[in-house]
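Please read the points below with the structure open beside you. They go from domains to single residues and then to a sheet and a helix pair.

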Amino acid sequence: MYAGTIQSMLDVLSAGTASFISVQELLNGLTVGMVYVLLASGLSVIFGVMHVINFAHGELYAFGAYFAAAIVTPLGGGTGFYVALVVAPLLVGVMGVAIERFTVRPLYGRDPLYHILLTFGLVLVLNDLIKLIWGTSPRRIARPEYLTGPIEMVGMTFSRYSFFIIGFGGALALGVWALLKYTRYGLIIRAGAQDRRMVRNLGISIDRYYSLVFGMGAALAAVAGLIFTAGRGQVVPGIGFDIIISAFVIVVLGGLGSFRGAVVGGLGVGLLQESIIRPGVPDLQLPLVPENVLAPVNMVLGLLPQLEGMVIFVLMIGVLIFRPRGLFGTEFEEDSGELLTGSSGGFLTDSGRFKLGIAMIGLLALVPLGSGMLPSPLSVRLIMTMLTWGLFALALDFIMGYTGLVSLGHALFWGIGAYVSGTVLFNFTESAFVAAGVALLVGGLVAWIVGYFSIRVHGVYFAMITLAFAELFHTSLTKIDGWAVGFCETTPVCSAEAARDIQLTGGSEGLFGFSSYWGLGGVGVELEEIGIFLGPVTLTGDLLLYYIILGVVVASFFITRRMLQSPFGAVLKGIRENEQRVRFLGYDPTVYKRRAFVVSGIFATLAGVIFALNESFVSPEAAEWLKSGEVVVMVILGGMGTLFGPILGAFTFFGLEALLQEETLFGPFIWAGSLVGLGGPIEGVSATVAERWRLFLGSTFVLFVVFLPRGLVSVPELVQQRVPTRFDPTNVPADPEGGDD
Amino acid sequence: MSPTVAPDGGREVVLSVDGVDAGYGETQVLRDLSLSVEEGEIVSLVGRNGAGKTTTLRTINGILTPTAGTVSYRGEDISGLDQTATAKRGISLVPEERQIFPELSVMENLRLAEFGGATDDAAHSVSVDEALGMFENLAERTDNPGSSLSGGEQQMLAIARALVAGADLILLDEPTEGLAPYIVQDVMDIVEDINERGISVLLVEQNVHVGLELADRNYVIDQGRIVWEGTSEELESNRAILDRHLGVSV
C-alpha cells in the first residue's frame with residue numbers, strides 16, 4: 001500500500017519531468033538540499049535572534065561528522081550509527097552553548113561586525129582542533145546495513161540512503177518548525193528575531209534563550225554534517241570551510257533570520273546545483289513558441305553546467321542588490337553599536353610615534369645588510385611576506401577603518417593583482433611595470449563596479465555582497481581557461497593549436513614559474529643581473545626586491561595618509577561618525593564611500609601584484625575567502641582606522657606564525673626538559689604546536705576581540721590608564737541595544 | 001518596601017521619580033526631574049518635541065539608567081533595574097512606535113505578553129480572552145499578522161498586550177500620534193476604561209487636548225525639567241504656561 005503510493009508518485013514524477021530533469025537528479029538535489037536546510041536553519045535563526053553571523057557554523061558541522069566517526073568506529077555501523085545520530089548532535093550542542101556563553105556573550109552591545117571577527121577566529125581554532133584530535137587523514141563513517149545499497153522502483157535504482165536523508169532530515173526540520181510554531185520557547189524565539197527590545201519590555205529575559213538557540217543551531221549543523229559525510233562513507237578535514245559559504249548563500253537568499261527562508265533556500269539551492277546546473281538541462285521545446293525565440297534561451301541553458309558553483313553567487317548578489325531581506329526575511333535593522341577604532345592617546349605622542357615609525361623603516365632597511373647574521377635565512381622572505389600583507393591590511397583599513405564598511409571580499413583584489421600580473425608575465429610580456437599597470441587598471445575598474453553595486457547596502461549586507469563577489473571570482477578562476485578554449489574553438493579568432501596552449505589562469509593548478517624584468521618594451525633589467533656590493537653583502541635578486549617592496553609599502557602609507565588628511569579624508573571620517581550629518585552638509589556619502597572603495601581596491605591589488613612578483617606563482621588559493629578573513633584579522637589585531645596599526649597587525653600575525661612554527665618559542669623548554677630527561681615529550685608538544693599554529697593564532701585573536709578590540713595600537717593608552725588588557729568601559733554604549741535614538 | 005503614602009494622606013504613591021538626571025551617552029536630557037503617580041491616577045506629561053518626555057518614560061522603564069536621583073515603585077528603589085525587571089514588577093511601556101511583532105499573529109502577540117509580564121502583582125492580570133473581549137476589532141482578527149493591522153488597531157493591540165502582561169502602571173507614549181480623529185476618541189475611551197480597572201497611567205502626549213481631557217494631573221516638561229504641575233482646569237486657564245512651554249493656544 002505504502003510502497004504502492006510512492007511507486008505511483010514516482011511514476012507521475014518521472015513522466016512529468018523526464019523531458020527536463022530525471023528523477024535520479026531530482027533525488028540528488030533534494031538530498032543535498034535537505035543537508036543544506038539543516039545547516040542553514042540554525043545559522044539563520046541564530047542570526048535572527050542574536051544578530052550573530054556565525055562563521056564557525058561550518059566547523060560545528062564538521063565536528064558533528066567527526067564525533068560520529070569517533071562513535072561509529074568502535075561500535076560498528078549498525079548500533080554505532082544510531083547512537084552517533086543522538087550523541088554527536090548533543091555533544092556539538094553543548095559546544096554551541098559553551099561558545100555562546102564564553103565568547104559571543106561578552107560582545108553583545110558592540111557592532112555585529114565584531115561577531116564576524118570573533119567567529120572567524122573560532123573557525124581557525126576549531127578547524128585546527130579537529131586536526132589535532134583526529135589527524136589529517138580521512139576517517140571512515142560506516143552506515144547500518146539497512147541504509148546502504150540500492151533500492152529499485154519504477155524500473156530505476158535509487159540510493160536507499162538518499163531516502164533516509166530526505167525522510168529523516170525532513171522530519172527533523174518539521175519538528176523544528178513545530179517547536180518554533182507551537183511552543184512557548186518557539187514563540188519567544190520568533191518574537192526575539194523580530195524585535196528584541198519589545199520582548200524585554202514584556203518582562204521576558206530574551207538573553208537567557210540565546211544559549212539555547214545557539215546550542216540547537218549547533219546540534220542541527222552536527223546532524224547535517226553527520227548524515228552527509230556518512231553518505232560519502234568518510235570525513236575529511238576542511239569540510240566545514242567548504243560548506244559554510246554555501247550556507248551563507250542560502251541564508252541570504254531565504255532572508256536573514258527566517259527559518260522558512262532557510263528551508264526554501266536550502267532545498268532550492270540543492271535542487272538548482274544538483275538537479276539543474278550540474279547535469280545540465282536538455283534544450284527546451286515548447287509548442288507555440290517559435291524556434292528563434294527559444295534559441296538564445298537554450299544557449300544560456302546549455303552554458304549552465306560550465307557555470308557550476310557560480311550561479312548561486314550571482315543569485316546572492318542579485319538578491320542583496322534588489323531585495324536585501326531575501327525571500328522571507330524581515331528588513332534587519334542594524335544595531336548601531338560602535339566600531340572601536342584604534343586610539344592615538346597614551347604615552348606615545350604624535351611626534352614620538354612618527355620618530356618610532358621612521359626608526360622602524362630604518363631598521364627594516366638594514367635587515368638585508370645583516371642577512372648573514374640573522375637566525376634564519378628565511379627571515380628576509382618572512383619580512384617580505386609581512387610587508388606585502390601589511391600593504392593589503394592597510395588597503396582594507398582605508399575602507400573599513402575610515403568608512404565603517406567591513407569588506408569580507410578583499411581577497412578579490414589580492415587575487416586580481418596576483419592573477420592579472422601573473423597572466424601578463426606568463427603570456428604576454430615579462431615587463432613588471434606593464435604587468436603591474438594592467439593589474440592596477442583591472443583592479444581599479446573591478447573595484448568601481450563592485451563598489452557601485454555594494455555601497456547601496458550596509459553593514460552585514462555589505463560584508464555578504466563583497467564575500468559573494470570574491471567567491472564568484474574565486475570559482476571562475478578554475479573555469480576561465482575552459483571558456484577561452486571554447487571561445488577559441490568556436491570563433492575564427494585563433495587557431496586550434498593556439499587553443500590548446502591557452503593558459504590564462506592555469507585552472508586549479510595556477511600559473512608557475514613566470515619571470516620578470518624591471519623595464520619597458522624589452523629594455524630593462526632583471527633583479528638577478530644587478531649586484532650592489534656593500535662590504536661583505538651583495539644585494540641582488542630577492543634582496544633588491546625586498547627594497548622595492550619596502551619602498552612601495554612606505555610610499556603607499558604616506559599616500560593614503562595624505563589622502564585622509566585632505567578634505568576627502570575629512571568627509572570619510574565624517575561618514576564614519578555620522579552619515580546623516582554628512583548628508584545634511586551637502587556631501588553624498590555614497591559617492592565618497594565608492595571612491596574610498598576604489599582606492600582601497602587599487603592598493604589591495606598592488607599587494608596582490610607584489611605577491612605574484614615575489615612568489616613567481618599564483619594559485620586559486622589567492623582569492624579564497626580565508627584570505628579575506630585573515631586580512632580582516634590583521635586590521636583588528638593592529639587597530640583599525642590608524643593605517644599603521646594594520647601593518648603592525650600583519651607583522652604580528654606572521655611573527656606569531658613564525659614564532660610557533662620555528663620552534664623558537666620552545667627551544668629553551670626543550671633544552672631544560674632534556675636536562676631532566678623530558679626532552680622527548682616536550683619536543684613532541686613543540687612539534688604539535690608548530691603544526692597547529694592557527695589554533696593558537698585563532699585563540700589569540702578571540703582574546704583580542706573580547707578584551708582588546710582597539711588592537712595593539714591602543715596598548716600605549718591602556719598602559720597609560722593602568723587598565724591592563726581591558727577596553728575602556730566608557731566607550732561601550734550604555735544602552736544594550738545600541739540605541740535607536 | 002513599606003508602601004509610601006502621599007503627604008496629604010490620600011492614595012498610595014505608585015511611582016515616584018526624585019531628582020533624576022538621565023540621557024544618552026554624554027548628552028544629558030533630564031535634569032533634576034521629579035514627578036509622582038498615585039494609585040489609580042491618570043497623569044499626563046506634556047511638552048514640546050525633544051523636551052524629554054520619551055526619555056522620562058525610558059528612564060522609568062529601565063531602558064536608560066539615571067545618572068543621579070532615584071526612581072521608586074511602590075516604595076522600592078528601581079533606579080538600576082532593566083526593562084525586564086520593571087516589567088516583572090508591573091510597569092508596562094507602550095512605546096510610541098507601538099512595536100507590534102509584525103510577523104506574529106494578534107493572538108501570538110498577546111500570548112507572548114502572557115508568558116512574560118508581571119509576576120509580583122496579580123491584581124490587574126487580564127487574561128487573553130478578557131483582553132479580546134475589550135477590543136472587538138482585535139477579536140475578529142486573532143489570526144492576522146501584526147503587520148496587517150491599521151495604526152489604530154496596532155495601538156489597541158499594544159495596549160491590550162500591556163494589560164495581558166499584567167500592567168499595574170502603564171507608561172503610554174503618544175497613543176494618538178498619527179491616528180484619525182475618530183480613532184483618537186476610541187483610544188481615549190480605552191484609556192479611561194483601563195483606568196477604571198484601577199490601573200495607573202502615565203501618559204505622554206503632544207496633543208494637549210487629549211492630555212487635558214484624560215488626566216487628573218498634568219506635568220509640563222521643558223528642556224528636561226518639570227516647569228509646572230497642576231490639574232487640567234488649572235492648566236487650561238494658565239495661558240502663560242501654555243504659550244511659553246507648549247506653544248499652543250487652547
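Notes on the predicted model

1. Seven residues of domain 1 of chain A are in contact with eight residues of domain 2 of chain A; contact here means that the C-beta atoms of two residues, placed from the backbone, lie within 7 Å. On the side of domain 1 that touches domain 2, helix H5 (113-134) and helix H10 (239-254) of chain A each give two or more residues. H10(A) supplies the largest share, three residues. Helices (H or I, at least four residues) and strands (E, at least two) are DSSP runs, numbered from the N terminus.

2. This is a predicted model, in which local features need pLDDT of at least 70 and side-chain atom pairs count only at pLDDT 80 or more, while totals for chains, interfaces and linings use all residues. Residues are numbered from 1 along each chain as its sequence is written, and chains are lettered from A and ligands numbered from 1 in the order in which they are written.

3. Domain 1 of chain A covers 2-282 and domain 2 covers 350-627, with bounds from an automatic or database domain assignment. Their C-alpha centres lie 37 Å apart.

4. A:Leu564 belongs to helix H21 (residues 542-565) of chain A. Leaving out residues up to four places away in sequence, A:Leu564 touches A:Tyr402, A:Gly569 and A:Leu572. A:Tyr402 is 162 residues from A:Leu564 along the chain, and their C-alpha atoms are separated by 8.6 Å.

5. Chain B has an open sheet of four strands in the order S2-S1-S4-S5, with antiparallel pairing; two strands pair if DSSP finds at least two bridges between them. Strand S2 (27-38) and strand S5 (76-77) of chain B are at the edges with a single partner strand each, so one side of each has no neighbour in the sheet. Two bridges join strand S4 (residues 68-73) of chain B to S5(B). B:Ser72 is opposite B:Asp77 in S5(B).

6. Helix H17 (residues 432-454) and helix H18 (residues 459-476) of chain A pack at an angle of about 145°, their axes 10 Å apart. Axes are lines fitted to C-alpha atoms, for helices over the stretch in contact, and angles run from 0 to 180 degrees between N-to-C directions. A:Val450, A:Phe453 and A:Ser454 in H17(A) meet A:Phe462, A:Ile465, A:Thr466 and A:Phe469 in H18(A).
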